[in-house]
Structures are given as structure tokens and as C-alpha cells.
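I am opening these notes to keep track of what I looked up, entry by entry.

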Amino acid sequence: MVSASVPRLVIAAPSSGSGKTTVATGLMAAFAARGLAVSPHKVGPDYIDPGYHALATGRVGRNLDAYLCGPELVGPLFLHGARGCDIAVVEGVMGLYDGAAGKGELASTAHVAKLLGAPVVLVVDASSQSRSVAALVHGFASWDPEVRVGGVILNKVASDRHEELLREALEQAGVPVLGVLRRAPQVDTPSRHLGLVPVAERRAAAVEAVAAMAAQVSDGCDLGALEALARAAGAVPGGSAPWTPASPAHHPTRSDEGLTPPSGPAPSDRQRAPVVAVAGGSAFTFSYAEHTELLTAAGAEVVTFDPLRDEELPEGTAGLVIGGGFPEVYASELSANEPLRKAVAELAGSGAPVAAECAGLLYLCRELDGLPMCGVLDASARMSERLTLGYRDAVAVGDSVLAAAGTRMRGHEFHRTVVEPGSGPEPAWGVRTPRPRVEGFVQRGVHASYLHTHWASEPGVARRFVERCRTS
């Protein structure tokens, strides 16, 4: 049982681009170098930063999303991830108080910090200011009295004189300076769309970048003071118990109707576990750790494969999960792997359960930017100049391998591609935001959609999928 008083810090900033990822990742690695078992977390639906966190800590990076999972699951999911750890570092998203559009504080870094009862360390880009930094920090520290800003780390400081001016100003704000970081191009990492390039695409360079972040944070921050701040956090509010995939608590505000397999005895250990193949490798890097844990807890044998390199699906594959990523970057390689494309098409044609999100949807299309894909769906995909981004409220239009008709879930869209048509004769979801529409495809055992969902919010999704793998 993990202690509900895990030492913890939330690394936040006034805005995106201030250096949260550099500080959070570097701090994780620096704590790990001191012999601490560090639990890495990321606020929001980001799939990429957790990859860098995993490099820094040697543990799976986990997301804390109060929109996708609901506020009541943030504490339990945090404690689940923090099992066996000495300290946890939570990287925020956007600006400290920026949440889901039109939803107030929901899913903001400040919201998650309050749900965790965690002190906030504010990372400030000080490159174009001196005395004004005091007004900025004072404003963020006093805006919400329930948010405890325990210290500030000044980033992109130009010189000793600049640092002196900043420290003088911050004495008036009453918020301690816990670190000062000089400009350091060596820790810069390439970006794509609104985030970093995934670790899987540049592993050697990513390892070097994380090492540079750790060195910069170790040299410029008071690690002892940061650890002491984390240890003063106290218990996670609300008496939360760790979430568990083996017997996940149902979401108290949404219906599970139709998600749970028919009642009866649980499958015996002697019953053969159906093999669920999960796409991985450089092209498919977007997934939540809890998904494979839920599939395993539901009785599946989860096997990862790489569509860029493997010409066959894992032996005995009874179901297939293809998550998100950047398949457009690898369209030529994915198309060139004709044996695997045919294997995927044959599996889908047999009626076996196939769950595809975003990049997975593109992979199942006839073509992507003119290059042949799996041809499971009668649709064509192409790159677009427009970035589609945001949370979505969705309802299952009909029955599928993931959910029964009428099941409500929340999802997140993040892509710069277009699929034509955008839905099949049987759509996957009816989406209410930002405008009413239907999207995605349900045909036989296939459920393909642009929406990324977090299955911990509806644990019956994994149970239903695995049950269909057993019976299809």
C-alpha cells in the first residue's frame, strides 16, 4: 500500500515555453541521481513529455487529466503511479491557471495541484524582465489562496547582475528563489506541432538532452530545499486510495451500462489469455500506461509489436490496439511493410476486435498522403495545414467492441491530418464539442476514431474489449 503522504512537487509556469519540461525532467533526473525513487507525472493529455520523464527516472511516465478521467480519479491515479517511490514530480501544462476551454479551472495545473495538495514551484522565463518579475510572481501566488506557490525557479537568466536584480525584486514578493538557470542551448529539444519530438524517434539524442537538463538543474537549483518542500506536502486530500486496474472503482458520475461483460465467474487462471497486440515503435508512441494495465487485469496477454519492423502480428493475436503517434512521418516505411498491412487487414476482416485512435485510424485507411495503408477502412487520409486540438465530449453512437450505444466518454483530439470521409455508415462517436457532429468508424470488430480516450475513466472498456477477444 502506497503512503497517501508521498512527497511531491508540481512544476508550473506562467505560460507555455517558460521551461517547465526542462526543469521538471531535469529535477526528476537530479533526484534520481541522488538515489531517490522518483515517480514522474504530467498534467493533461500530453503523451510526449512522459517519455522524457521515463528516461529521467527509469519509471513509466503517467498522466493526470482531470477532464478525461474526472477530478475524483486524479488522487488515486497519482498514488497508483507513486507506489514504491520516495518522491513525485508533476509537470504542469500550459500556464498555471489555464484549463479546459470554457470550463474554468478544470484540468488546469492549479486544479491538479489542489486535488493533490501539492506545493507549486513556478518556473519563470526571466529573459526580458528584472523588477517586474516580482509583480508577476506575486500575482500568480496570490490569485488563488488554495494554490500554494512554494518557490520560484528563474529560467534564462542572462548574467550575475541580472540574477542580482531578480533576487532583489523577489524579496518583496515573499516567494523564495529555489533555483536560477542560465541560458543553455544544449538542453533544447526539437519540437513538432505543440510538443517535443517523441523519445522513440531520437532516443540517443534524448538521453543526452535529459542528462544536460539534469546537470543544469543540479548546478542551478537548491535540490535540498526542493526536496524539503516536497516532503512538507502532507497527505493527499480526500483520503484517496490508490487506483488499481484489477478492481477499478467505477466513475461515480457516468454510466457503466453496457461496458461490463455479462455477470458470472471470472475467467480461471487455466483459461487461455487472449493475445492483444499493441502497436509501438517510433510511429505509434501515444498511449496511456493504464491501458495495458487494464487489458492485462482483464485477462489479456499484452504483446507489443513495431509496425515499422515486424512483418507479422504477434503469434495468436486475438485483438489489436493501435494508438496515436506521428504516422505521417513514417508513412513510407509503414506502407513499405506490406506483409504487416495485409496481416492487419486479414485480422480486421475476420471480425477480431481492433481499437484504433488517431494515428491508428490513419493506418487503417486506404492511403495516407497517397501511400497505401492497411485498407481496412474505405477512407483516405492526408496531412493538413490546420491543427485540430482540444477536449471533446462524446457518446457512443452504436454498439462496438469498446462500448455500448449511449456510453458517454470524454476524449482529446490532437492532429494535423484529415480523413475523408470523416465517418462511416456506423460512426464511432457523436461529438458535442466544439460543434455537434459524428466521427469515426465502427465496422464488425473495428472501432477507429480520432479521439484519444483514457480507459481508466471507464474501466469496462478494457473488460469489454478482452471479452470480445475471447469470443470473436
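I first noted that UniProt positions are given in the numbering used here, that feature names are shortened, and that annotations may be inferred rather than shown by experiment. The model is predicted, so I kept in mind that local features need pLDDT of at least 70 and side-chain atom pairs count only at pLDDT 80 or more, while totals for chains, interfaces and linings use all residues. Residues are numbered from 1 along each chain as its sequence is written, and side-chain values use heavy atoms, with hydrogens and water left out.

Entry on the annotated site. I looked up "active site" and found that UniProt, in an unreviewed entry, lists Cys358. I located Cys358 in the loop between strand E13 (354-357) and helix H12 (359-364); helices (H or I, at least four residues) and strands (E, at least two) are DSSP runs, numbered from the N terminus. Cys358 has 5% relative accessibility and therefore counts as buried (under 20% relative accessible area, with exposed over 50% and partly exposed in between, for a 1.4 Å probe and protein chains only). Leaving aside neighbours within four places in sequence, I found Cys358 in contact with Gly324, Phe414, His415, Ser449, Tyr450 and His452, where contact means heavy atoms within 4.5 Å.

Entry on helix H2. In H2 (residues 49-57) I listed Asp49, Pro50, Tyr52, His53, Ala56 and Thr57 as the buried residues. Seen down the axis of H2, these fall within an arc of 155°, so they line one face of the helix; the arc is that of the directions from the helix axis to the C-beta atoms. After H2 comes Gly58, with a positive phi near 75°.
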